[in-house]
Amino acid sequence: MVDSQSTPARQRPSIVSISSYLLFLFLACQVISLIITLSTIGKTRDALRDAYAGSTAANADQVADVFLAIALGSSILLLLLAIVLGVLALFNNQGRNGSRITTWIVGGIMVCCVGGGLLSNAAGGFAASGETAGDGPSSAEIQRRLEEALPSWSAPVSLLLGVISLIALLTALILLALPKANEFFRKPTAGWEPPIPGASYPGYPQAPGQPGYPQSAGQPGYPSSGEPSYPPPPAPNRPDDTPPGSSTPPSTS
């Protein structure tokens, strides 16, 4: 068996990409909403001060400043959370499951905030809070002054941005929970590839610091350990073979 040294890159499904685009759309809506708030903050402050002018209610002169501080602070907070969602969308495209879980947590908080703001605007804003105690202006009077002071397009555009933001965020969170997204965010396991017949695999490299051994053509020879060899015995002399230098004895006949 041969273990694969590298796992193939996972292909990001389209639903994860669409979810990231929707999170970016949510961020863009929050940026536009903050711009609208900053562009109308002066007129809102003047309308509230005129509504509470001459009122003997406690802290009547500070109502406008407190309201604007809350409205501006909530808009900045929503924008910061939307930026967090935009950063998480980048990590979601990389298949990080931790960023997906964080997206669900932050996105759930944003759904509550944006949904609550839409319900408040649909109910009439200040007009839904009832009458003001004492000689202060009523909620309906404050709402009327705000509508007169603010541009006619600000309220419809703010409402439209809120609806788009809520739909985009809910859709993005749902797409991240679909089965195809679960497969993409699941941690990949090391795969196994069967060996290919006839394929050659590289050998293991020699560890540094280890001396190399020369390859010998053959094993060295050793002397034989048998009995020592002796010279062959001399052959017997024949009559016609007279060694040189020998004399023949004289005949006695």
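**Burial and confidence in a predicted model**

Trainee: Is V87 buried, partly exposed or exposed?

Mentor: In this predicted model, V87 belongs to helix 2, residues 63-93. The relative accessible area of V87 is 39%. Buried means under 20% and exposed means over 50%, with partly exposed in between. V87 is therefore partly exposed.

Trainee: With which residues is V106 in contact, leaving aside neighbours within four places in sequence?

Mentor: V106 lies in helix 3, residues 97-122, and is buried, at a relative accessible area of 13%. Its C-alpha atom is separated by 9.8 Å from that of L88, 18 residues apart along the chain. Beyond four places in sequence, the contacts of V106 are L81 and L85.

Trainee: Where on helix 4 do its buried residues fall, and what is included in their cover?

Mentor: Helix 4 spans residues 139-149, and its buried residues are S139, I142, Q143 and L146. Viewed down the helix axis, they fall within an arc of 100°, so they line one face of helix 4. Their cover includes helix 1 (14-51).

Trainee: Which element has the highest confidence in the protein?

Mentor: The protein has an average pLDDT of 76, and 62% of the residues score at least 70. Over residues 1-7, pLDDT stays under 50, and the model has 11 contacts beyond four places in sequence for them. Confidence is lowest in strand 1 (residues 2-3), with a mean of 43. The highest value, 93, belongs to helix 5 (residues 154-175).

Conventions: Residues numbered from 1 in each chain as written. Predicted model: local features only at pLDDT ≥ 70, side-chain atom pairs only at ≥ 80, totals over all residues. Heavy atoms only, no water. pLDDT = per-residue confidence, 0-100. Helix = DSSP H or I, 4+ residues; strand = E, 2+ residues; numbered from the N terminus. Contact = heavy atoms within 4.5 Å. Buried < 20%, exposed > 50% of the residue type's maximum accessible area, 1.4 Å probe, protein only. Arc of directions from axis to C-beta.
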